[in-house]
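Work through the exercises below with the sequence and the coordinates at hand. Each task is followed by a solution in steps.

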Amino acid sequence: MLIIKSVQSRIAKKLKLKKNYKILSFNGEVAEDFLDYIYFDSKDNFLMEIENEKGNKSTLQINKNCDETLGLSFYNDNLEIKRCKNNCIFCFVKQLPANMRDSLYIKDDDWRMSFLYGNFVTLTNLTKEEKNKIIRRKISPLYISVHSMNLEVRKSVLGINKNCDIKPLLKEFHENNIKMHCQIVVCPGINDGNDLQNSLNELYMLRPEVESIAIVPVGLSKFRKNLPYIKPVDKQSAKDIIELVDKFNNHIGFKFACIADELYLKAEVPIPKESDYGDYPQLENGVGMLRLFESQFNDEYECDNFNPQKRRVLVVTGTSAFEFINKLCDKIRKRFEIDIICKEIINNFFGDSVTVSGLLTGKDILEQTKNLTADEILLPENCLKDNEIFLDDITLNEFKKIKNCKVTVTENNGADFLRKVIGDC
C-alpha cells in the first residue's frame with residue numbers, strides 16, 4: 001500500500017486523486033512498494049485500486065500515453081533497505097574506524113536500490129519471489145557485483161560458505177532479457193589473472209543482456225583489524241590487469257570490459273580516448289570519469305565568453321587525481337592571470353593507500369592547508385555528503401569558519417570546475 005503525498009499531473013487531478021489517498025493494487029496485484037508504481041506508471045493503461053480518507057474503495061481505469069506520468073509522490077515508498085549478509089574481504093564498511101555517524105555503517109545489498117540508483121549488489125539475498133518479479137516486470141538495468149564467475153573464488157571474496165553461484169541467475173536474466181551492468185573488484189592473487197580472464201569470457205557469453213563490465217581495483221584502508229590480508233594493487237599489478245583486459249577487448253573487437261580510471265593512474269598509463277567509453281555506462285564506478293571531465297573542461301575552455309576574477313585560488317584534490325587536476329590548472333594559468341595552488345591531500349584518516357578525493361576528510365584538508373592562504377578554496381563535491389558534511393562529521397559551515405575565506409564546492413564536471421577556478425560562475 002502506498003499513501004499519496006502530492007498530486008502533480010493533470011491526469012491524476014482529472015482522476016480526482018488526492019493527498020492521503022491510498023493505492024492498494026495495480027491490475028489486481030498488491031501495491032507493495034514504489035517500484036510497483038514506477039512499473040505501472042510507465043504503461044498506457046492499467047487498473048488502480050484506491051482508498052480515500054473515509055475508507056471507501058474504488059477501482060480506476062488509467063488510460064494515458066506511456067510517456068506520460070501520473071506525477072504522484074508518496075509518504076512511504078515501502079523500500080526498507082535489505083541489509084548485506086555477506087562478509088566481503090574488502091568491505092569498506094568494515095574498514096571504517098569506530099564512532100563515525102551511524103549511516104556510514106549501513107551495508108545494503110538491495111536489488112531495488114540497484115535498479116533505482118545504480119547501486120552494485122551481489123544478489124546473494126535475492127529470494128525466488130523477487131527474482132520472478134524482476135523477470136515478470138522486466139526490471140532493468142541491474143548493477144551486479146560479480147567479482148568472479150568461479151564459485152569457490154566468489155565465496156572466498158564474499159566471505160560466505162553458502163552457495164552463491166552467480167552463473168545460473170545471470171543466465172536466467174540473460175534468457176529473459178534483463179539488462180545488466182557488472183563489476184569485478186580485483187584483489188591481486190585472488191581473482192585476477194586466469195580467474196579474471198575466465199570471468200570475462202563467461203560474462204561475454206551473456207551479451208547483449210550484460211552490457212558492460214567494470215574492472216575496479218580493491219580499496220584498502222588502514223583499519224583492517226581482524227580482516228584477511230589483501231595485497232594492494234600496485235603499479236605492476238595495475239599494468240598486468242590493464243594488459244589482460246585490453247587483450248580481451250582487442251580479441252572480441254570492442255570495449256566490453258571497462259577499466260576504472262584509478263587503475264590507469266596507479267599503472268601510470270594514459271587514460272584512453274573519449275570514443276573508447278561510448279555512452280559512459282559505468283561512469284559512477286569511476287570508469288571514464290577523468291576523460292569526461294577533461295572533455296567538458298576543454299569544450300568550455302574554447303569559449304570566448306569569460307569574465308575571470310584576478311585572485312588566489314586553492315584547489316583541493318586527492319593523491320590519485322593530483323597530476324591530472326594540476327595539468328588542467330596549468331592550462332588555466334597560461335591563459336588567465338590567476339594564482340592557483342593545486343594541493344594534493346594525503347589521506348591520513350584512512351591511510352595513504354586511499355587516494356581518491358571522495359574519501360577525503362575535513363580534518364585532513366584543514367591540517368594540510370593550514371599554512372596556505374587563498375581568497376577562495378575549491379572543494380570537490382564527492383568529499384561531502386549533500387554538499388554539507390565530510391566523512392569525519394566536520395560540516396562545510398564549520399570548515400568555512402575555520403578557514404575564514406570563501407569556500408566553493410565544485411561539481412564533478414570539467415566545465416563547472418573551469419568556471420569556478422577563474423571565478424566566472
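**Exercise 1. A salt bridge between D246 and K255**

Task: In this predicted model, find the N to O distance in the salt bridge of D246 and K255, and classify both residues by accessibility.

Solution. The side chains of D246 and K255 meet with N and O 4.0 Å apart. A salt bridge requires a nitrogen within 4 Å of a carboxyl oxygen, and the pair is counted as one. Next, take the accessibilities. D246 has 25% relative accessibility and is partly exposed.

**Exercise 2. Salt bridges across the sequence**

Task: How many salt bridges does the structure hold, and which parts of the chain does the pair R101 and D393 tie together?

Solution. The count is 26 salt bridges. In the one formed by R101 and D393, the closest N and O atoms are 2.8 Å apart. R101 sits in the loop between β6 (72-74) and α3 (111-117), and D393 in the loop between β13 (376-380) and α13 (396-403), so the bridge ties together parts that are 292 residues apart in sequence. R101 is buried at 16% relative accessible area, whereas D393 is partly exposed at 31%.

Task: Where in the chain do D339 and R312 lie?

Solution. D339 and R312 form a salt bridge with a closest N to O distance of 2.6 Å. D339 belongs to strand β12 (residues 339-345) and R312 to strand β11 (residues 312-318); the two are 27 residues apart, and the pair links distant parts of the chain. D339 is partly exposed, with a relative accessible area of 36%. R312 is partly exposed too, at 30%.

Task: Which residues are linked in a network of salt bridges?

Solution. The network consists of E29, E32, D33, D36, D110, R112, K133, R136 and R137.

**Exercise 3. The surroundings of V287**

Task: Is V287 buried or exposed, and what does V287 touch?

Solution. Start with the position: V287 is in the loop between α9 (261-267) and α10 (289-301). At 2% relative accessibility, V287 is buried. Leaving aside residues up to four places away in sequence, V287 touches A214, C258, I259, A260, D261, Y277, Y280 and Q282. For I259, 28 residues from V287 along the chain, the C-alpha atoms are separated by 6.1 Å.

**Exercise 4. Packing of α10 and α14**

Task: Describe how α10 and helix α14 (residues 414-422) pack.

Solution. Two packed helices are described by the angle between their axes and the distance between the axes. Here the angle is about 55 degrees and the axes are 6 Å apart; α10 and α14 are therefore oblique to each other. On the α10 side, the contact involves F293, Q296, F297, E300 and Y301, which meet G414, A415, F417, L418 and R419 in α14. Sorted by type, these contact residues comprise six nonpolar, two polar and two charged.

Conventions:
Residues numbered from 1 in each chain as written. Predicted model: local features only at pLDDT ≥ 70, side-chain atom pairs only at ≥ 80, totals over all residues. Heavy atoms only, no water. Helix = DSSP H or I, 4+ residues; strand = E, 2+ residues; numbered from the N terminus. Buried < 20%, exposed > 50% of the residue type's maximum accessible area, 1.4 Å probe, protein only. Contact = heavy atoms within 4.5 Å. Axes fitted to C-alpha atoms, helices over the stretch in contact; angles between N-to-C directions. Parallel < 35°, antiparallel > 145°, perpendicular 65-115°, else oblique. Nonpolar A, V, L, I, M, F, W, Y, C, P; charged D, E, K, R; others polar.
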